[in-house]
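These are my notes from a first look through the structure. I went from one spot to the next and wrote down what I found.

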Amino acid sequence: MEQLTITSTQNPRIKQLVALQQKSSERRRTGLFVVEGQRELQHCIQAGYQVEDIYYCPDLSSPPSEGRATPVSRQVYEKIAYRDSTEGIVATVRERHTSLSELRLPDNPLVMVLERVEKPGNLGAVLRSADAARADVVIVCDPLTDLYNPNLIRASIGAVFTVPTVCCSSDECIRFLKQHGIRILTAQLQDSHLYYDTDMRSATAIVMGTESTGLTDQWREAADAHIRIPMLGRLDSLNVSVSAAILLFEAVRQRQN
């Protein structure tokens with residue numbers, strides 16, 4: 001049977017979708033989040049996430065092939081679209097959370113660890129770099145943003161679905177890394193060596209903190225080595241996502257030699 005087009009922005013399903021985009025409390029309450037864009041939705045489905053509802057705007061997109069979808073008017077789509085692009089497809093998806101105990105790492109893993117990163121755009125960009133570098137997992141310690149924030153999904157271009165990602169406390173992460181013999185390299189300015197002089201060919205975790213305060217002493221003390229990126233200008237730091245990309249691809253370079 002042909003689906004009726006939703007034409008009212010006051011439709012209860014539309015109102016809930018908007019609430020899921022805007023409120024982390026609503027995402028926690030329902031266990032749902034929003035994915036916008038064909039590419040992101042494909043990554044999500046390929047990763048095995050459960051799609052609840054799909055909405056598309058016939059003016060902007062053909063009916064998606066991923067299952068039953070509800071058409072919405074142009075006005076309704078403009079209400080539910082989070083970004084300025086006009087792909088014409090939005091879906092609600094069931095959340096999925098992976099624990100450290102569920103990880104299945106290879107013998108020589110490359111791990112990206114982020115402590116207390118609060119900007120979802122930065123975390124999304126790091127996930128994108130982690131996908132490009134084929135990192136085995138991204139571990140987010142003591143997170144200040146949820147993994148299903150729309151800004152994070154948009155910045156990651158779907159990498160939040162392609163890279164195994166775990167949220168946990170710093171205590172749990174340090175214990176996990178030590179138990180699995182993964183060398184901890186903390187990115188910091190003090191008491192550190194240049195990153196390209198540090199061996200990253202064995203099992204390695206690259207650990208980064210916030211741009212404003214860096215890593216806590218807990219991580220500095222747990223580290224096997226401290227590394228830094230040379231800063232030749234007047235500023236003393238890079239955006240955390242840029243730094244993460246530099247360090248991840250140094251590990252890639254070393255492992256290819």
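Predicted model: local features only at pLDDT ≥ 70, side-chain atom pairs only at ≥ 80, totals over all residues.

Entry 1. Leaving aside neighbours within four places in sequence, I found Phe33 in contact with Arg27, Tyr49, Ala91, Thr92, Val93, Arg94, Glu95, Tyr148, Ile153 and Phe161. Phe33 lies in strand E1. Is Phe33 buried or exposed? Its relative accessibility is 0%, so I count Phe33 as buried, the cut-off being under 20%. I also checked Phe33 against Leu248, which is 215 residues away along the chain. The C-alpha atoms of Phe33 and Leu248 are separated by 29 Å.

Entry 2. Next I went through the aromatic rings. How many aromatic pairs does the structure hold? I noted six. One of them is Phe33 with Phe161: the ring centres are 6.0 Å apart and the planes stand at 25 degrees, so I list the pair as stacked. Phe33 belongs to strand E1 and Phe161 to helix H7, so this pair ties together parts that are 128 residues apart in sequence. Phe33 and Phe161 are both buried. I then took Tyr49 with Phe161, where the ring centres are 5.1 Å apart and the planes make 70 degrees, so that pair is edge-to-face. Tyr49 sits in the loop between H3 and E2 while Phe161 is in helix H7, so the pair ties together parts that are 112 residues apart in sequence. Both Tyr49 and Phe161 are buried. I noted too that ring pairs link Phe33, Tyr49, Tyr148 and Phe161 into a cluster.

Entry 3. I followed E1 into its sheet. In what order do the four strands of this open sheet run? I read E1-E4-E2-E3, with mixed pairing. Strand E1 (32–36) and strand E3 (70–71) are the edge strands, each pairing on one side only. Helix H1 (residues 12–22) packs on the sheet and touches E1, E2, E3 and E4. The direction of H1 makes about 90 degrees with that of E1. Inside the sheet, I found strand E2 (residues 51–56) paired with strand E4 (residues 89–94) in the antiparallel sense, over five bridges. Tyr56 stands opposite Ile89 in E4.

Entry 4. I looked at helix H3 (residues 38–46) and asked which of its residues are buried. They are Glu40, Leu41 and Cys44. These residues cover an arc of only 100 degrees around the axis, which puts them on the same side of H3. For background, an α-helix has 3.6 residues a turn, so residues three or four places apart point the same way. What covers the buried residues of H3 includes E1, E2, E4 and helix H7 (159–162). Just after H3, I found Gly48 with a positive phi of about 90 degrees.

Entry 5. I stopped at Asn149, in the loop between strand E6 (137–141) and helix H6 (150–156). At 15% relative accessibility, Asn149 counts as buried. Which residues does Asn149 touch, not counting those up to four places away in sequence? I found Arg27 and Pro120. A polar atom of the Asn149 side chain lies 2.8 Å from the backbone nitrogen of Asn151.

Entry 6. I turned to helix H8 (residues 170–179), where Ser170, Cys173, Ile174, Phe176 and Leu177 are buried. Seen down the axis of H8, the buried residues fall within an arc of 160 degrees, so they line one face of the helix. What do the buried residues of H8 pack against? My list is strand E5 (110–115), E6, strand E7 (165–168), strand E8 (183–187), strand E10 (204–208) and helix H9 (217–222). Just after H8, Gly181 takes a positive phi of about 65 degrees.

Entry 7. My last stop was E10, where five of its five residues are buried. I found both faces of E10 covered, with Thr204, Ile206 and Met208 buried on one side and Ala205 and Val207 on the other. E10 pairs with E5 in the parallel sense over five bridges. Val113 has Val207 as its bridge partner in E10. E8 and E10 also run parallel, joined by four bridges. Leu185 stands opposite Ile206 in E10.

Conventions. Residues numbered from 1 in each chain as written. Heavy atoms only, no water. Pairing = 2+ DSSP bridges. Helix = DSSP H or I, 4+ residues; strand = E, 2+ residues; numbered from the N terminus. Contact = heavy atoms within 4.5 Å. Axes fitted to C-alpha atoms, helices over the stretch in contact; angles between N-to-C directions. Buried < 20%, exposed > 50% of the residue type's maximum accessible area, 1.4 Å probe, protein only. Arc of directions from axis to C-beta. Polar contact = N/O pair within 3.5 Å; in protein donor to acceptor, adjacent residues only side chain to side chain. Phe/Tyr/Trp six-rings, centres within 6.5 Å; stacked < 30°, edge-to-face > 60°.
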